Amino acid sequence: MRLHRLRSVRLSTTLAATLLTALVLGLASVLIVRLVEQDLESNAKSALTSALESASHSASGEKSESGEAEGESHGSTEANGGSAGDARQQALTDASIDEVQGGVDAASRALLIIIPAVVVALGIAIWVTVGRALKPVRNISAQVAEISGSTLDERIPVPPSQDEIAELAALMNEMLDRLQSSSERQRAFVADASHELRSPLSTIVAAAEIASVSPDPVKLQKLAGTLSSEAQRMQQLVTDLLDLARLDEDRSEPATTSVDVASICREVVGSFEDAAPAVSLVADGPVRAAGVPSQIERVVFNLVDNAAIHARSRVVVTADNHNGESTITVEDDGPGISPTDRGRIFGRFVRLDSSRERNTGGTGIGLALVKAIVDHHRGTIQVGDSELLGGACFKVTLPTAP
């Protein structure tokens, strides 16, 4: 695996940089040789032309000094002089071209030796440099590979370089923090869920054993009621756990529709019509919110059920539009919730006092499920004191439907 990483990064980077350098140097060498050749040829031709002009001027001067006495022989030697001059010019030209070609060949041979040496040296330098640059990454990979589910408290040392490698190490540590936190919450959740499920299961098993040996019809009927209530409690707990798990895994936007929150509150309040304390609704008209109807109904039911458990005589549910948002307020006349506990009540399996025991019928995760649903809808939930009734006040704010 380590060799594969080196091949995919180090070797590919070295080969790409080396080949590109070789291509650039090769093209540059051809261009340089061509320019040098043209320059040498131009210089040679200029020098040759100057030399021939000087020779021509010198020959003309000697001819004028010889006088008319040589006039008779001039006609006969003119042709021979012209032929000799042409031959000499050709010889000089050939010699100049040979010198230029020799210089070009020497430069080409030098470049054929220098360029491969430069390319090889550059490839080695790139290989070593990339290897040193990737060494901290390999160290981070090795350290991360040694971290398992039981050693999530280990962290990667952040180098003092303050570069991308240090940023990578810091991001890895942040990821390990999130994984450790998630693992701790999961273990605590599993332990609490197991504890909560153990109680109704133990009650059901004990009631079944008693029923199997008891001939008393009255006792059997009582045991049947116990079995039914515990089974319903366990069913509700399993349903809440599944809903929570589903919300934890679902990171996508909910498929919301325009929901009449007031109508949902009216239906929920109607289900508590024969219950004590008295539950009433305050809603002037339709209150439109963007949400999933079944989930919003679950939020209202859990809040009303929680308020009914702790209220003395009254629970008031209010649905209203406020500042462009849809609000649901549930108030009761119970003892209220102290400011120090308001941050804890949305935790899973949290019970604040003796009135929140299992015999009240709660599963211990009703408010946690409310918080998860409201967060999934990008809403807010606040806890405070009820100005109307003096007890607790839960206020849910949801985005208004377009």
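The accessible surface of the protein comes to about 24,600 Å², as given by the Shrake-Rupley method with a 1.4 Å probe, where only the protein chains shown count as cover for residues. Carbon and sulfur atoms hold 57% of that surface. This is a predicted model: local features need pLDDT of at least 70, side-chain atom pairs count only at pLDDT 80 or more, and totals for chains, interfaces and linings use all residues. Residues are numbered from 1 along each chain as its sequence is written, and side-chain values use heavy atoms, with hydrogens and water left out.

**Overall build**
- The protein has seven helices and seven strands. Both are DSSP runs, numbered from the N terminus: helices are H or I with at least four residues, strands are E with at least two.
- From the N terminus on, the order is α-α-α-α-β-α-β-β-α-β-β-α-β-β.
- Of the 402 residues, 31% count as buried. Buried means under 20% relative accessible area, exposed over 50%, and partly exposed in between (1.4 Å probe, protein chains only).
- Take the contacts (heavy atoms within 4.5 Å) between residues at least 6 apart in sequence: 71% of them join residues at least 24 apart.

**Helix α3**
- Helix α3 covers residues 164-213, which is 50 residues.
- At 1.5 Å a residue, α3 should span 74 Å, and its end C-alpha atoms are 73 Å apart, which agrees. The expected span is 1.5 Å times one less than the number of residues.
- Buried residues of α3 include I165, A169, M172, F189 and P200.

- Strand β4 (residues 314-322) runs antiparallel to β5, and eight bridges join them. Two strands pair if DSSP finds at least two bridges between them.
- V316 has E331 in β5 as its bridge partner.
- β4 and β5 form a hairpin with two residues between them. In the turn, N323 has a positive phi of about 55°.
- β5 also pairs with β7 (residues 392-399), antiparallel, over seven bridges. There, I328 has V396 in β7 as its bridge partner.

**Nonpolar cores**
- A nonpolar core is a set of buried Ala, Val, Leu, Ile, Met, Phe, Trp, Tyr and Cys residues joined through side-chain atoms within 4.5 Å.
- The largest core has 46 residues. Among those touching the most other members are L303, I328 and V396.
- L303 touches V330, L367, V370, I381, F394 and V396, not counting residues up to four places away in sequence.
- A second, separate core of five residues includes I156, I165, A169 and M172.
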